[in-house]
Amino acid sequence: MGDTRPVTLNILTPFYRHGLADRLVESVMAFDYPFRWLIAVDGRRPDAVAYRFPDDERITRVVVDDIPEGAGSSKQLNALIQIAQDKYFYEYAWRLDDDNAIHPNFSAWLKGLDLDCSKIHTGWQDRRTRILKTNKVAY
């Protein structure tokens, strides 16, 4: 029999909006699925750098200092993608913006997916109905 443990989900969060952090952190820490949280903090934002994330071995916090003015979160996300590729190549990655939160039922939805290396799953939340939708694309 093969390994039946769920895969680890790498959550990638570009972080620069300190005021939204409590809701985000609460939702991630309540997430009932194996995860690793990679957070890139905008080094230009003292309030973001000063924010204290929970002391948890699943959390990696990286301060990105050389972000050009007006670059948004792309530089931070690129840093996180590089870390995920270098360290956790065969695992899944998911971008979670700092103004989002994980729905309480999302882990149950993930546990129901057939996650293997021959499929790509995409998911999004319909803004009008707030329903989580998914596609499964084989390749």
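The protein's accessible surface comes to about 9,000 Å², and 51% of that belongs to carbon and sulfur atoms (Shrake-Rupley method, 1.4 Å probe; for residues, only the protein chains shown count as cover). Of its 139 residues, 33% count as buried, where buried means under 20% relative accessible area, exposed means over 50%, and partly exposed is in between (1.4 Å probe, protein chains only). Keep in mind that this is a predicted model, where local features need pLDDT of at least 70, side-chain atom pairs count only at pLDDT 80 or more, and totals for chains, interfaces and linings use all residues. Residues are numbered from 1 along each chain as its sequence is written, and side-chain values use heavy atoms, with hydrogens and water left out.

**Overall layout**

- There are 4 helices and 6 strands, which are DSSP runs numbered from the N terminus (helices: H or I, at least four residues; strands: E, at least two).
- Along the sequence they come in the pattern β-α-β-α-β-α-β-α-β-β.
- Take the contacts between residues at least 6 apart in sequence: 60% of them join residues at least 24 apart (contact means heavy atoms within 4.5 Å).

**The sheet**

- Four strands make an open sheet in the order β3-β2-β1-β4, with parallel pairing; two strands pair if DSSP finds at least two bridges between them.
- β3 and β4 (92-95) stand at the edges with a single partner strand each, so one side of each has no neighbour in the sheet.
- From one strand to the next, the twist averages 20 degrees (axes are lines fitted to C-alpha atoms, for helices over the stretch in contact, and angles run from 0 to 180 degrees between N-to-C directions).
- β1 and β2 pair in parallel over 7 bridges, with L9 partnered by F35 in β2.
- β1 (residues 9-15) also runs parallel to β4, joined by 4 bridges; here N10 has A93 in β4 as its bridge partner.

**Strand β2, inside the structure**

- In β2, 8 of the 8 residues are buried, so the strand is largely enclosed by the rest of the structure.
- Both of its faces are covered: F35, W37, I39 and V41 are buried on one side, and R36, L38, A40 and D42 on the other.
- In a regular strand, side chains alternate between the two faces of the sheet.

**Helices against the sheet**

- α1 (residues 21-29) lies across β1, β2 (35-42) and β3, running at about 165 degrees to β2.
- α3 packs on the sheet too, touching β1, β2, β3 and β4, and its direction makes about 155 degrees with that of β1.
- The buried residues of α1 are A21, L24, V25, S27 and V28. They sit on the same side of α1, because they cover an arc of only 165 degrees around the axis (the arc is that of the directions from the helix axis to the C-beta atoms).
- Their cover includes β1 and β2, while D22, R23 and E26 are exposed on the other side of α1.

- D42 lies in β2 and is buried, with a relative accessible area of 2%.
- The D42 side chain makes a polar contact with the side chain of R44 (2.9 Å); a polar contact is a pair of N or O atoms within 3.5 Å, where within protein one must be able to donate a hydrogen and the other to accept it, and residues adjacent in sequence count only if both atoms are side-chain atoms.
- Leaving aside neighbours within four places in sequence, D42 is in contact with F15, Y16, A48, V49, V64, I67 and Q76.
- I67 is in the loop between β3 (59-64) and α3 (74-87), and it is buried, with a relative accessible area of 5%.
- I67 and G43 are 24 residues apart along the chain, and their C-alpha atoms are separated by 7.7 Å.
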